[in-house]
Amino acid sequence: MNMPGDVSTAGSSGAMGDKEQREGRTLSATGSILANEIPVIDLANPDTSLLINQIFHACSTWGFFQLINHGIPSATINAFQNAMSSFFALPYDTKLSLKRNATNARGYFDDELTKRKRDWKEALDVGVPGSRDWNLLDLDDRNACLDGYNKFPSEEECPNFREVVVEYFNKCSELSSQLATLMTLALSGGNMDEEHFLERMEGAHTSYLRMNYYPPCGEKSELDNTEENLHNNGFSTKTASSGTLGISPHRDAGFLTILLQDDECHSLQVARFEDDDHIADDDLWVTVHPVPGSLTINTGDMAMICSNGRFRAPLHRVLTDPAKKRYSAPYFYNPSYEEFCRPFASCCSKENEEGDNQNDTAPGNTDKSSDFHPLQSLKYHPCLWGYFRALRFAGDLTDLGVEVQTSQFRIGSESSHIEKQRRFVEVVDFNEPFNVEKYRYILESEGDK
Ligand SMILES: O=C(O)CCC(=O)C(=O)O
Ligand SMILES: [Fe+2]
């Protein structure tokens with residue numbers, strides 16, 4: 001059987017040797033990834049151990065792969081893509097009536113700032129309702145949850161939109177659960193604790209689907225001279241600058257993302273580096289050209305924590321295009337709000353349990369997973385998903401300040417988040433929309449790092 005980490009049999013990936021694999025993703029002196037190809041993985045491969053091996057390799061190097069034979073029917077995808085473009089073609093005022101706000105993270109927006117620059121896009125976020133029942137009215141009290149509540153356009157404004165989006169959403173939920181299982185198997189070899197983690201995530205995930213529309217940006221933009229057009233929201237070359245991006249560099253916060261790209265416009269890029277100092281170096285960004293019919297998968301921050309840093313939560317960005325429109329849709333598969341994401345026991349050396357973090361290779365360890373990859377000392381404090389999520393969107397929608405990062409949960413980082421999280425969990429109600437004012441006294445406490 002081919003084990004995860006045995007890259008010589010990984011099929012779709014580059015020719016990395018054992019040493020490079022052990023050293024994970026910091027493979028060269030500059031910390032860049034050597035392989036050039038984003039792996040393509042066939043979910044219908046009957047050789048499950050090879051599949052798991054490929055997933056392990058993709059998640060621990062690029063943190064990105066393209067999935068073919070993923071099982072979501074092309075008719076479902078086509079209908080969803082049509083629904084997306086119909087939505088963004090609605091009059092601006094209609095879209096604005098669905099705008100998200102400081103106490104509701106769901107809805108429409110066109111004013112996302114990353115590092116004080118406006119992202120060149122419009123978006124609509126739709127997530128699993130608090131009731132988990134898509135048939136209730138959006139504003140039904142039972143639908144409230146930390147993320148807020150959905151704001152669908154009415155049936156008159158956008159016929160069939162709700163039905164088509166929910167259908168695609170549910171397919172993504174099923175696929176995510178399947179992928180999370182494979183990723184977890186790749187790490188653990190079937191440890192029971194991890195099975196419970198997967199069950200909790202499948203039953204109570206707090207996932208959401210983001211629909212993105214990137215207008216053209218540049219001299220040929222059809223928006224240049226049309227202040228009165230239906231996208232009358234300031235996306236003209238007058239407001240673009242040379243550094244304008246569709247989305248600025250970021251990592252996805254959840255466990256994994258299923259991204260539906262646009263076959264016509266290829267502008268998603270993944271970083272070949274880890275160190276944020278390289279962000280401005282265009283040569284170190286690699287375009288993820290979508291394979292027709294594929295879905296692009298990437299690992300998120302919570303998978304990185306669960307894998308004890310073995311999996312990579314990759315930095316990625318979206319360029320603007322001077323002439324083409326682009327539509328994309330990431331589905332973010334997120335744990336339940338109550339879940340403390342922590343490194344799987346099967347990814348940590350046993351020494352850890354005895355308080356000795358020195359030995360990373362754990363020779364003689366009889367845990368099944370040590371066949372798969374060298375075990376590491378414990379690298380992360382438990383991270384409450386509801387806390388991480390609340391801070392991420394509070395950072396987007398309020399004046400709360402700097403974005404929370406997983407590095408602040410690294411053991412030894414001495415970040416104030418561990419203490420804030422402890423105080424937050426004592427008082428938080430995950431059945432109501434997050435309100436930064438209610439928790440400000442905890443989140444803005446002294447010694448913020
Ligand atoms: O549009 C894309 O291809 C990527 C979108 C993305 O990274 C995001 O919304 O988090
Ligand atoms: Fe992203």
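1. Ligand 1 is surrounded by 14 residues, the closest being Tyr 214, His 250, His 316, Arg 326 and Ser 328; a residue is taken as near a molecule if one of its heavy atoms lies within 4 Å of it. The model is predicted, with local features needing pLDDT of at least 70, side-chain atom pairs counting only at pLDDT 80 or more, and totals for chains, interfaces and linings using all residues. Side-chain values use heavy atoms, with hydrogens and water left out, while residues are numbered from 1 along each chain as its sequence is written, and chains are lettered from A and ligands numbered from 1 in the order in which they are written.

2. Several polar contacts to ligand 1 can be listed, a polar contact being a pair of N or O atoms within 3.5 Å, where within protein one must be able to donate a hydrogen and the other to accept it, and residues adjacent in sequence count only if both atoms are side-chain atoms. A polar side-chain atom of Tyr 214 is placed 2.5 Å from an oxygen atom of the ligand, and one of His 250 is placed 3.0 Å from an oxygen atom of ligand 1. For Asn 212, an N or O atom in the side chain is 3.5 Å from an oxygen atom of ligand 1.

3. Helix α5 (residues 161–188) and helix α6 (residues 192–204) pack at an angle of about 165° with their axes 10 Å apart, the axes being lines fitted to C-alpha atoms, for helices over the stretch in contact, and the angles running from 0 to 180 degrees between N-to-C directions. Helices (H or I, at least four residues) and strands (E, at least two) are DSSP runs, numbered from the N terminus. The two helices α5 and α6 are therefore roughly antiparallel, given that angles under 35 degrees count as roughly parallel, over 145 as roughly antiparallel, 65 to 115 as roughly perpendicular and the rest as oblique.

4. In α5, Ser 177, Ala 180, Thr 181, Thr 184 and Ser 188 meet Glu 194, Leu 198, Met 201 and Glu 202 of α6, where contact means heavy atoms within 4.5 Å. By class, this contact of α5 with α6 has three nonpolar, four polar and two charged residues; Ala, Val, Leu, Ile, Met, Phe, Trp, Tyr, Cys and Pro count as nonpolar, Asp, Glu, Lys and Arg as charged, and the others, Gly among them, as polar.

5. Helix α2 (residues 48–60) packs with α5 at an angle of about 85°, their axes 9 Å apart, and α2 and α5 are therefore roughly perpendicular to each other. Leu 51, Ile 52, Ile 55, Phe 56 and Cys 59 of α2 meet Leu 182, Met 183, Leu 185, Ala 186 and Leu 187 of α5, a contact with ten nonpolar, no polar and no charged residues.

6. The loop between α4 (92–96) and β3 (107–109) holds Ser 97, whose side chain reaches the backbone oxygen of Thr 94 at 2.5 Å.
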